[in-house]
Amino acid sequence: MKSIKLLAVAVLCTVAFSCNKKEETSEAKNLDSAQAETVVDALSQQENPADTEMLAEAKSKPLTTVAFSETEHNFGNIKKGEKVEHIYEVTNTGTNPLIISNVKPGCGCTVPDYTKEPILPGKKGKITLHFDSTNFDGAVNKATDVFVNVEKAPVRLTFSANILP
């Protein structure tokens, strides 16, 4: 248990500074994938007051259901300093209006833009994530939480890229 706490602190420090420093390659990290999953699970169980508030706001609306065109995107190889974006299409598959109350990227290198008005049943909206690769080298994986009025909120969108010099 003590090693998990130390590992969690190490991951938090890495995440806190990940937008200002070069992204480490997976070989440079001292975590294997099982350890990293354990840390992520432990950290996701600790609630951030701001996230709790956004989640409560999203769930205070009548619940509906949602379908995303995709929840993962790979930009492939991009040049360092390049700014790229990807649009995730959102479809309201339920019977109540879908409300995207907030889109929270995990890092300042990602800026969201999203449909602000309620999305009526059967209609579509979008979430665009703009990524600035200036401070990164090598493999990058980023996540963004989407707070919507669905049962299993927030919904996590991810993207990856390989940053070339």
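Which residue in β3 is the bridge partner of alanine 67? I shall come to that through the two sheets of this structure.

Good morning, colleagues. What we are looking at is a predicted model, in which local features need pLDDT of at least 70, side-chain atom pairs count only at pLDDT 80 or more, and totals for chains, interfaces and linings use all residues. Residues are numbered from 1 along each chain as its sequence is written, and side-chain values use heavy atoms, with hydrogens and water left out.

A word on terms. Strands are DSSP runs of E with at least two residues, numbered from the N terminus, and two of them pair if DSSP finds at least two bridges between them.

Strand β1 runs antiparallel to β3 (residues 83-92), and 3 bridges join them. Here is the partner I asked about: alanine 67 is bridged to threonine 91 in β3.

I turn now to the other open sheet. It also has 4 strands, ordered β2-β8-β7-β4, with mixed pairing. The edge strands β2 (72-79) and β4 (100-105) each have a single partner strand, so one side of each has no neighbour in the sheet. Direction ignored, neighbouring strands of this sheet are turned by 20° against each other on average. Strand β2 pairs with β8 (residues 155-164) in the parallel sense, over 6 bridges. Within that pairing, lysine 79 has leucine 164 of β8 as its bridge partner.

Definitions and conventions. Axes fitted to C-alpha atoms, helices over the stretch in contact; angles between N-to-C directions.
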